[in-house]
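The sequence and the structure come first, and the description follows.

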Amino acid sequence: MVVEIDNPANRAMHYGSDRILVQSIELPERLPQKVVYSNHEADLAYKRIEQDIYDGQRKAKPRSNTKFPTVLKIIGGAIALAAVAFKGKTILKFIKNIFKK
């Protein structure tokens, strides 16, 4: 169990104190004001938020899902070049046979 001995409240508890610490509770000067909203104000605030979201979505650029990643383009090109280098004649014959039909 960890005990904070340097804390003044704990120091008096552990080592005893010559004087007893007694204080009175001080009341706050004023109570916090409660803000009560009407249902009409809440509806107006909600509609303003919805309008801001709607306007933001209209101004935003649409996501483009059509872009193909460059890394995959490079890898695909390298595989195609390697295939042509090793089996070029076979691949060309296969392509010709496809278009003859």
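## Overall make-up

The protein chain has 3 helices and 0 strands. Along the sequence, the pattern reads α-α-α. The model is a predicted one.

## Confidence

The protein chain has a mean pLDDT of 80, with 78% of its residues at 70 or more. Confidence is lowest in helix H1 (residues 8-15), where the mean is 61. Helix H2 (residues 39-59) has the highest value, 90.

## Surface and burial

Of the 101 residues in the protein chain, 2% are counted as buried. The accessible surface of the chain is about 11,100 Å². Carbon and sulfur atoms account for 60% of that surface.

## Helix H3

Helix H3 covers residues 70-100. Its end C-alpha atoms lie only 34 Å apart, although H3 has 31 residues. A straight helix would reach 45 Å at 1.5 Å a residue, and H3 falls short of this. H3 also contains a kink of about 100°, centred on Lys-87.

H3 is hardly covered, as 1 of its 31 residues is counted as buried.

## A nonpolar patch

A nonpolar patch on the surface is formed by Phe-68, Val-71, Leu-72, Ile-75 and Ile-79. Together these residues have about 500 Å² of accessible area.

Leu-72, one of the patch residues, is placed in helix H3. Is Leu-72 buried, exposed or partly exposed, and why? Leu-72 counts as partly exposed because its relative accessibility is 43%, and that class lies between under 20% for buried and over 50% for exposed.

Definitions and conventions. Residues numbered from 1 in each chain as written. Predicted model: local features only at pLDDT ≥ 70, side-chain atom pairs only at ≥ 80, totals over all residues. Heavy atoms only, no water. Patch = residues over 30% accessible without salt bridge, like charges linked within 9 Å, V, L, I, M, F, W, Y side chains within 5 Å. Areas by Shrake-Rupley, 256 points an atom, 1.4 Å probe, with all protein chains shown as cover. Salt bridge = Lys/Arg side-chain N within 4 Å of Asp/Glu carboxyl O. Helix = DSSP H or I, 4+ residues; strand = E, 2+ residues; numbered from the N terminus. Buried < 20%, exposed > 50% of the residue type's maximum accessible area, 1.4 Å probe, protein only. Expected span 1.5 Å × (residues − 1). Bend = angle between axes of the 7 residues up to and from the residue. pLDDT = per-residue confidence, 0-100.
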